[in-house]
Amino acid sequence: MSPGEYKSRGKFITFEGIDGAGKSSHMADAVAFLADQGRTVLSTREPGGTPLGEKLRELLLHQAMHLETEALLLFAARREHLERVIEPALERGDWVICDRFSDASYAYQSGGRGLDRVKFAQLEQWVHPHLQPDLTLLFDLPSAIAARRIVAQARDLDRFERERTDFHERVRQAYLERAAAAPQRIRVIDADQAPEVIRKLIQDTIARHAS
Ligand code: TYD
């Protein structure tokens, strides 16, 4: 950048939803859509996104632990991710597309596992007091349908995917509760629609945020 040239801060977009709602393939489409528009896009994920975060992800997905340990490790990985990857990219003016963020901790740890919501709020306040995504796309699907999709994929399941349908239904309800509390930021997408309909919806929503 030449002296005096001002580069505006990038946008932070997150993809959320219960396991099996299909967010990952739509996230890849959204990254390609933004890149086609000439944006510099950083695609990342949680838990993970840094070398330490990826090690913590391995533990979180496969090692049984107390629910508060789980929440603390998720937010520890998030602190690292914000510091080393997300904040620097936004500062450079890049767009950051992240597969899950703190809404997932609200939904899975508080909604699914029963972590005290005050403790969740304290962790969120500690780790990112001034940052929330600019836009969150929440893929919503009845948990019974999501469970059938996961089984149809016929692969090894992680600790969260192996949870019963009632756990995923609590996660889903917590996501919807969070969306109702932040309707400007969180856009709920009915994930039980044809992929091309969803793709168009996502592109239109993102395009509105590009201005
Ligand atoms: P995800 O990357 O969506 O799984 P996959 O690679 O199978 O698509 O997410 C991994 C799991 O981590 C998911 O089941 C939800 C869980 N998770 C939490 O419980 N809390 C969190 O804060 C985050 C970020 C993820």
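I started with the shell around the ligand: α4 gives the largest share of it, four residues. Helices here are DSSP runs of H or I with at least four residues, strands are E runs of at least two, and both are numbered from the N terminus. I am working on a predicted model, where local features need pLDDT of at least 70, side-chain atom pairs count only at pLDDT 80 or more, and totals for chains, interfaces and linings use all residues. Residues are numbered from 1 along each chain as its sequence is written, and side-chain values use heavy atoms, with hydrogens and water left out.

**Ligand shell**

I found 16 residues around the ligand, with Asp19, Lys23, Arg100, Ser105 and Gln109 the closest; a residue is near if one of its heavy atoms lies within 4 Å. At least two shell residues come from each of α1 (23–36), α2 (51–62), α3 (67–92) and α4 (102–112). Sorted by class, I get seven charged, six nonpolar and three polar residues. Asp, Glu, Lys and Arg count as charged, Ala, Val, Leu, Ile, Met, Phe, Trp, Tyr, Cys and Pro as nonpolar, and the others, Gly among them, as polar.

**Ligand oxygens**

Next I looked up side-chain N or O atoms facing ligand oxygens. For arginine 100 the distance is 2.7 Å, for lysine 23 a polar side-chain atom sits at 2.9 Å, and for arginine 78 I read 3.1 Å. On its own the ligand has 550 Å² of accessible area (Shrake-Rupley, 1.4 Å probe), and the protein covers 89% of that 550 Å².

**Arginine 100 again**

Arginine 100 is in the loop between β3 and α4. Its phi is positive, about 75°, although it is not a glycine. Most residues other than glycine have a negative phi, and most peptide bonds are trans.

**A cis bond**

I also noted a cis peptide bond between glutamate 46 and proline 47, with omega about -10°. Proline 47 belongs to the loop between β2 (41–45) and α2.

**Aromatic pairs**

My search of the whole structure gave seven aromatic pairs, meaning ring centres within 6.5 Å, with planes under 30 degrees apart stacked, over 60 edge-to-face and the rest tilted. One of them, phenylalanine 12 with phenylalanine 101, is edge-to-face at 5.0 Å centre to centre and 85° between the planes. This pair links distant parts of the chain, 89 residues apart: phenylalanine 12 is in strand β1 (residues 12–17), phenylalanine 101 in the loop between β3 (95–99) and α4.

How values were computed. Polar contact = N/O pair within 3.5 Å; in protein donor to acceptor, adjacent residues only side chain to side chain. Phe/Tyr/Trp six-rings, centres within 6.5 Å; stacked < 30°, edge-to-face > 60°.
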